[in-house]
Each structure stands twice: as structure tokens, then as C-alpha cells.
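Thanks for coming, everyone. Please have a look at the model on the screen, and then I'll walk you through it.

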Number of protein chains: 2
Amino acid sequence: MSKKWFNAWTDDLYLADDALLIEQIRTKVLTKRGIFARPEEILITLGSQNALYLLGAVLIRPGTQIAMENPGYYAARDIFAMAGANIQAVPVDHEGLDLDQLGSAELVFATPSHQFPTNATLSLERRYRLLAWAENTDALIIEDDYEVETDFSGDATMPMKALDRSSRVIYVGSFSKSLMPGLRLGFVVADSRLIAELRRLRGLMMRHPPSNNQRTVALFLALGHHDAYLSRMKRVYAERWHELSSGLDADFPGWKRQTKFGGSSFWLEGPKGFSASQLAQKALGAGVVIEPGNALFHGGSSNDRFFRMAFSSIPKERIRPGIARLREIAETLV
Amino acid sequence: MSKKWFNAWTDDLYLADDALLIEQIRTKVLTKRGIFARPEEILITLGSQNALYLLGAVLIRPGTQIAMENPGYYAARDIFAMAGANIQAVPVDHEGLDLDQLGSAELVFATPSHQFPTNATLSLERRYRLLAWAENTDALIIEDDYEVETDFSGDATMPMKALDRSSRVIYVGSFSKSLMPGLRLGFVVADSRLIAELRRLRGLMMRHPPSNNQRTVALFLALGHHDAYLSRMKRVYAERWHELSSGLDADFPGWKRQTKFGGSSFWLEGPKGFSASQLAQKALGAGVVIEPGNALFHGGSSNDRFFRMAFSSIPKERIRPGIARLREIAETLV
């Protein structure tokens, strides 16, 4: 960045976010998702997790009922639990959150695009039903548009925020997947009164996310680099997905997994008697990283048959040898 | 930054901070202040205000008694009040906090190097007394080493953290003044158990401060640029201090102010009947910014005679004309 932008990247942006970044998010990121937001409806956060922390602090009081996907994003669960929420763990099937089990929730947290960790996509029909339910029960929905920016399937479903006509959906987005997690930049799109409240709290908590990073990402978007980068990234992800998928077909036939094309990981269920924790431990010693799934269930799970395999940072040529090694280890365990 | 540092500035640093930055803070920043800390006694924060927010969340429960300087740093007051603290407003004289009014405080927040906003320096004698008091009453002290990095007086007093033999002092530092506020980088030095607790909370709140900024500042320090920059900065600040001081002598004779050399601002008290708010408002219209002091008092103050004049970002040649203009406006009011 040159002298030209000196103030933009050195100043203390207490009352407003980088105007160029807000403009780029509005016109290059949100419009692609069918969301049309005014500047005062957007807040920049220190990554999407920071957005959830701020939302937890503002929306949750001791005893607030929040419905969350199970299995689900453990950090969100920890954040909302710390804020005092009563967590209702709602099962997830191949179409996402089971809406018949929302009970008396006042707040719903969901990752509709790619459910973490199962990768299920919440069907459009369920999105409409969830919105109608929220209107009837006067509930709010926190929609974390997890991994949509790297969705290479090309058929991303409309976010609930784009379908929402009564400001019930609070939309959370991130640059951690499309740029880098170390950068810590995300954003919230919501009713301007809620955004003002979140901004006040963010002001106390940290004043604002670093100005230099805000402007850097704004320029990256404005100059078209972000779009170009996403195209390359999606091509690479698609290759790795196919490689891992065919490897699993060959080496782990019959192990259940979601067939949804997209995302950055697979969610697998091993046969009866299989222990994912044991496999993970042995595999780590052989240089293969898998993530046991039981910690992703609310309150932990006695079912130790699930695990997650992330492929976003594994070069294509190392995927098949890794799966072969994993199979050898699994054969000694099952 | 080059490819060489790629992982350092893109990675998700959830469990530990940038090792190079911690090393630089330990060996180049803290040693200058007589503080010797192990890596596990240091946490990087998103500026010093974020450090205070984390400390408030971990140390304060509803009803915790905290003694704070009055007048004092309003954001710290808001943060601790939001955490549920009972705030004891303790007067400040030319030697800093009045130790005879600490009452039943369990926690003390102080800016000993340059008290904000009066610029008083807590005397060495009071530092020892405050430490002894904390040991006797089992209290903790949060020491915000405000503006020490830009102290051009050359006679900075030892921080309480360097005198502390019982881990009662929690030290807060910042790069906002010595680098830029937009960067948002600060740090806490404390007992390793407290640091571990703060790190867990920070992990939920934001995962970590941006990795790219951590490594950038680490390199800036490691290559000696920070020291070189501080030398230049101190020379410029000293010039501006003298310019403002002689201007006030000439144009505002008899108006009370601290005579302490250093800092980045002056704290003035006008004559009886003078309204700083009124002056601030009129002066703003004439392009001169002063900050009325009443909002810096706990609960506000009916005494509207105090104001703060910051000079760090005002070029030397604009200082005397600004004071002359301020005098013209003041003459119409007093």
C-alpha cells in the first residue's frame, strides 16, 4: 500500500469501518448471494468467530434458548454456552437441520450452505419453512454462510438472508476460507439497530479490526484479485475433492459418507465397533490427519464412529497415498 | 514480507502467538522497562483496550471493587463497569493516584507512567507503597504503561511490574502510540496461569490477533526499525511539547497546568467561571481541537474548567498560530 492510503491504514477507525471495504462487500460479495444491504447494515469483525462472540454477548441472556446443529461448530457452542444460553442440540440429516425439533428456541444458529461438519446443505424448502417458523414464534436466525465462498459445486442455494423479509436473519460471512485464516476478517449483515449495538460492544472490546488489513482486503477485492483467486481455488478444491472421493470409493468401500459435492472436507461414518479416536491417533503417527467426530457432538458422543477428513491444504498427489496408508491402519483396528 | 514468512502470516495461531514477536517484546521492549518475562507470561492482544476487556471479563464479577484514577481513561471505566465492577473513583494529584483513598478495592487500575489525562507520574515512593498495600490486602494491580514508549523525558520511572515480587501486577503495553493505532496490537504480561486463562477467552472471542500484523511488527522490531523510529518520534514530540508549552506561557498565563515534561498532551484548568465545553465547541469551528475534561471524570463532572490538548499529530509550525486563535476565542468567553 502506498502513501496514498496512509490514513486509511494507520487511523483509529472507531466509529465506522473502512468505507472501501464495506462498499466492496456490498457490491462484490453480498450481491453474489442475492443480499442487498446498506452500509449501516454491515459490521466488520475479527473473523466470523468474533462475529458470533459479539452476537452472543448482545443477544443472549442467561437461559436464552438457542437451537444449534448437532453435530456442529464447537466454537459457536462454547461461545453461546459461555454467554449463558440453554443449548438445544438439533439433529442434522442429509437436508440439514431437522426443523421438527426446534422446540421453544428463541434463537437458531445454522450453517445452511455447508453444514459443519456433515456438509449437508439446508434445502430451499426447509429455508422457507425455517423463516416462516421464526416469524410465527418471533425468533431470530444466525446464518453462518460457512464455506460458501469456496463452493465449487456452482449451485449454492440462496441464503436465508436473501429470502428474509422481516429482518430476522443475521448473516455472518468470512474471508478466512477465501483468503487466509491468519488475517481474521469477517462481517455481520443485520438490521442497522443491531449493527449499531454490535459496533458499540466491538468498540469496547477492541475499538476495531486493524485498519491496514481492512484496506488491504478492500483493494484486493476492488482490483479483482479476489474473484480471480477464488476461481483458481475452486478448481484446485474440485480436483482434491474428486481425488479424495475416488480414493475413499476404492479403499473404504461401504463406509458411509455424504455425497454432496463441494466444501473442503468429508464426513465419514465407520462400521460398527470402529473407533475414530483410535484411528486418528494411530494415523497421526503415520503422518495422516483425521479429526474424530465425537467432540463435535453436543455434550460429546459415545458414538465414536464419525470422523472428518479435510482436504483443502493437501496437494492432490499426496491424497491417494494418504488414504492407502489410512486403510492399512484401519485394517489393523476394525 | 516474503514467501519465507508465508506460514507465519497466513496461519491460524490459535494456541500460541507469533514466537518472533514474543521474543522481540521480551528482549527489546520489556527489558528496557526492567521486566523479565517468560514467553508463557505474555499474551498478544488487539491493542491495550482489548487487553483491558479480556482482563475485565476474567477478573471482574458483579460487585468486584475496582479503584480507578479520577479523572481517568473513560474506555477502561466503561469496560470494567460493563463487566459489573463497583468503581471507586480515586483522585489524582501531581504524584498520581491518592493511595489513602483506595478503600476496600480488590483491584486497582492505574496509568503510572503518564496518568491519563493529567500526565502525572506516579512517584516511586507511591509505587512501593501501592505494592505493599496490595500484598497486605491481597489485591491485584492492572498497570497500563500508557505512553511510556513515547516518553522523551528520558527519566521514565521503573514500572510496578519490575518492582513486583509477588505476581500482583498485570502489565499492559501497546504499539498504538509507537507505531499506529490502526494496527491494534498490544500485550499483557502477567502470571502464566492468568495468561493461559486470558488466552482461552481470547480464543473464543477472536481466535487471535491477525498473524500478518504480528509478524510485521516482529520484523520491524527485530530489524531495529522500531528503535530508530522511536528516536525520531521522541525528538519531534519534544519539539512540539516545547512549542506548545511556550505558547501556553505566552497566551494563557496563569492557567493551571501540569509542568511534567513528556507525554503527548497537556491538561489545563481554566479560571473560575470558564467553560471548557463552550471553548471546545467554538474552537472546533475555527479549526482548533481541544477535548473538554468533564467526560473524563467518573460520573461526569460539574466542573467544566478542565481540558486536554493533544499535540502528537500537530506539526510544530501550526502550534503557535493555533494557540493564538484559541486565545482569541477564549477571550470572548471568559
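Let's begin with one term: buried means under 20% relative accessible area, exposed means over 50%, and partly exposed is in between, using a 1.4 Å probe and protein chains only. Now the ground rules. This is a predicted model: local features need pLDDT of at least 70, side-chain atom pairs count only at pLDDT 80 or more, and totals for chains, interfaces and linings use all residues. Residues are numbered from 1 along each chain as its sequence is written, chains are lettered from A and ligands numbered from 1 in the order in which they are written, and side-chain values use heavy atoms, with hydrogens and water left out.

First, aromatic rings. Rings of Phe, Tyr and Trp (its six-membered ring) pair if their centres lie within 6.5 Å; planes under 30 degrees apart are stacked, over 60 edge-to-face, and the rest tilted. Over all chains, that rule gives 33 aromatic pairs. Take A:Trp255 and A:Phe274. Their ring centres are 4.8 Å apart and their planes sit at 65°, so this pair is edge-to-face. A:Trp255 is buried, at 14% relative accessibility. A:Phe274 is buried too, at 5%.

Over to chain B. B:Tyr73 and B:Phe116 are also an edge-to-face pair, with 5.8 Å between centres and 75° between planes. Here helices (H or I, at least four residues) and strands (E, at least two) are DSSP runs, numbered from the N terminus. B:Tyr73 sits in the loop between strand E2 and H4 of chain B, and B:Phe116 in the loop between strand E5 and helix H5, 43 residues apart. Buried or exposed, what is B:Phe116? Buried, at 6% relative accessibility. B:Tyr73 counts as buried as well, at 18%.

Back in chain A, A:Tyr73, A:Tyr74, A:Phe116 and A:Tyr146 make one aromatic cluster. Look at helix H4 of chain A, residues 74-82. Its buried residues include A:Ala75, A:Ile79 and A:Phe80. After H4(A) comes A:Gly84, with a positive phi near 105°.

Next, charges. Side chains of opposite charge can pair when their charged atoms come close. We call it a salt bridge when a side-chain nitrogen of Lys or Arg is within 4 Å of a carboxyl oxygen of Asp or Glu. The whole structure has 44 of these over all chains. One joins A:Glu147 and A:Lys177, at 3.7 Å from N to O. A:Glu147 is buried, at 1%. A:Lys177 is partly exposed, at 29%. In chain B, B:Asp227 bridges to B:Lys32, with the closest N and O atoms 2.7 Å apart. B:Lys32 is exposed, at 56%.

Last, where the chains meet. How many salt bridges cross the interface of chain B and chain A? Zero, by our rule. Contact means heavy atoms within 4.5 Å, and 30 residues from chain B and 30 residues from chain A take part. Together the chains bury about 2500 Å², 61% of it on carbon and sulfur atoms. Buried area is the accessible area (1.4 Å probe) that two parts lose on being put together, summed over both. On the side of chain B that touches chain A, helices H1, H3, H4, H7 and H8 each give two or more residues. H7(B) gives the most, with five residues. That's my tour.
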